[in-house]
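Visitor: Please take one part of this protein and go through it closely. I would like to see how its residues are placed and what lies around them.

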Amino acid sequence: MSSHREAPEISKDPVADSSDLYAFVSPDDPDTVTIIANYVPLQLPSSGPNFFEFGDDVLYEIHIDANGDARPDVTYQFRFRTELRNDKTFLYNTGQIKSLDDENWNRRQFYSVTKVDSHGKSTVLASKLPCPPCNVGKISIPNYAKLAEDAVHKLKSREKVFAGQRADAFFVDLGSIFDLGTLRPFQDKHLVGQQLFNYAGKAVNATDKTNVHSIAIQIPLDMVRRDGKKRVRAKDAGAVIGVWTSASRRQVEVRGDKGGNDVVVGPQVQVSRLGNPLFNEVIVPMAQKDKWNSLPPSEDKRFAEFVATPELGALLPVLYPGLFDNLAKFNKTKEARADLLAILLTGIPDGIIEGFQNNTGALQADMLRLNTAIPPAAKENALGVVGGDLAGFPNGRRIADDVVSISIKAVAGATLPLVKKDFKADAAAGLVEQGLSIKNVSASLLKKFPFLPTPFDGFNNPS
């Protein structure tokens, strides 16, 4: 959660596991969009001597759909290569690392960036760009922030890119949510919890003080919009883009005998993808999670039934007796959740929410939809569109957006009156939340690209 260990097979392959995806109009440059794709979730900062890294055998991709067909009009591909400087030491670094080419840094990673257009034409935009090292500690890396800043690269093609370790800024109380759907602020209202607690609890951020590996790209808006326009109106269809990320491996891998080199052959096969947060995690049944990871968004009509009648929506009235009676009555009608189908699979059409739309058409596809004509908010509301902030989730996703609480509120019925005027949401739907915010992340967001915080270091965060 948002997509950490969300499916049985990808949980065994963290190097290829898409854990979070963000897309927003850049507050440091509103004529651009920033897209951040996180991989290798739940990193313990002190995991030496083999610190975390991208996979040399994984193809990482960020896809952008500009015309609503759930097929990429632009894809950015990232390929990594690891180089070992000294094959006589077990150490990640043999002294202090003060620059990206410091001879004391033993195991370095480089990457290339390739742009693929809608016709499949590939253009290599950059090669052998250096990643920053993992944040070993202040003794090994006295000025990590400066090293990471040096790893931000401005390409001749106008994009800005970064790939490397970052602090995980996603906040979620995993320990309670997967304990029979408990929300600590409402634990005394829980069907079982009320027998154990007579008080509201304080949520715990289970992902705090862990790191991830991030691929971040900042792209001029005219390069992602349908008609290449620099200026569009928010109600124009051409203002909306759909974004998802994926990771692929070669089809066949043969292990080398007696320590020999492995051989990989065949086409790339997708093993992970991510659009909207929590989609595969909470919506898709466990028996189909691996299949979902292997398919493109254009095939998501296969999973629409699970959005139309979400399992969590049926569980809430049972787990919290008396709090979701209106939702329980609606569930008995067997009507499809048109609000969730719009939010997750088609985007919200014009006329539902004043001044807002992020609709990509009738085709059902899980993409993170962003209306690029809506500027960054002067003051963000963590509840995004639900909280009246049209620049936040589900209009793209910013780092500080509380996507867990937003999703719970939506599933609980808070957004149903938008499409079903005679439905009155339960009072609890507006109150329910996980009880966390970006303030529960023990690191500060950057005010400029790549925005995610400096990674936690191994010396000060050993466990």
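Guide: In this predicted model, Phe78 touches a set of residues from several stretches of the chain, even when those up to four places away in sequence are not counted. Among them are Val58, Leu59, Tyr60 and Ile62. Tyr111, Ser112 and Val113 are also contacts of Phe78, as are Val161, Ile215 and Ile217. Phe78 belongs to the largest nonpolar core, which has 104 residues. Within that core, Phe78 and Ile35 touch the most other members. Another core lies apart from it and has seven residues, including Phe171, Val441, Ala443 and Phe456.

Next comes a sheet. Strand β2 covers residues 32-43. An open sheet of five strands includes β2, and its order is β1-β2-β9-β8-β7, with antiparallel pairing. In general, strands of a sheet pair through backbone hydrogen bonds. Here β1 and β2 are joined by seven bridges, and Ser18 stands opposite Tyr39 in β2. The edges of the sheet are β1 (18-25) and β7 (153-154). Each has a single partner strand, so one side of each is left without a neighbour in the sheet.

Last, there is a pocket to look at. The second largest pocket holds about 470 Å³ of space. Its lining consists of 22 residues, and those nearest its centre are Pro27, Glu380, Arg398, Ala400 and Leu445. By class, 16 of the lining residues are nonpolar, two are polar and four are charged.

Note on methods
Residues are numbered from 1 along each chain as its sequence is written. This is a predicted model: local features need pLDDT of at least 70, side-chain atom pairs count only at pLDDT 80 or more; totals for chains, interfaces and linings use all residues. Side-chain values use heavy atoms; hydrogens and water are left out. A nonpolar core is a set of buried Ala, Val, Leu, Ile, Met, Phe, Trp, Tyr and Cys residues joined through side-chain atoms within 4.5 Å. Buried means under 20% relative accessible area, exposed over 50%, partly exposed in between (1.4 Å probe, protein chains only). Contact means heavy atoms within 4.5 Å. Two strands pair if DSSP finds at least two bridges between them. Helices (H or I, at least four residues) and strands (E, at least two) are DSSP runs, numbered from the N terminus. On a 1 Å grid over the protein atoms alone, a cavity is a set of points where a 1.4 Å probe fits but cannot get out, and a pocket is an open set with protein on both sides within 12 Å along at least five of seven lines; lining residues have an atom within 4 Å of a point. Grid points are joined across faces, edges and corners, and a volume is the space filled by probe spheres set on the points. Ala, Val, Leu, Ile, Met, Phe, Trp, Tyr, Cys and Pro count as nonpolar, Asp, Glu, Lys and Arg as charged, and the others, Gly among them, as polar.
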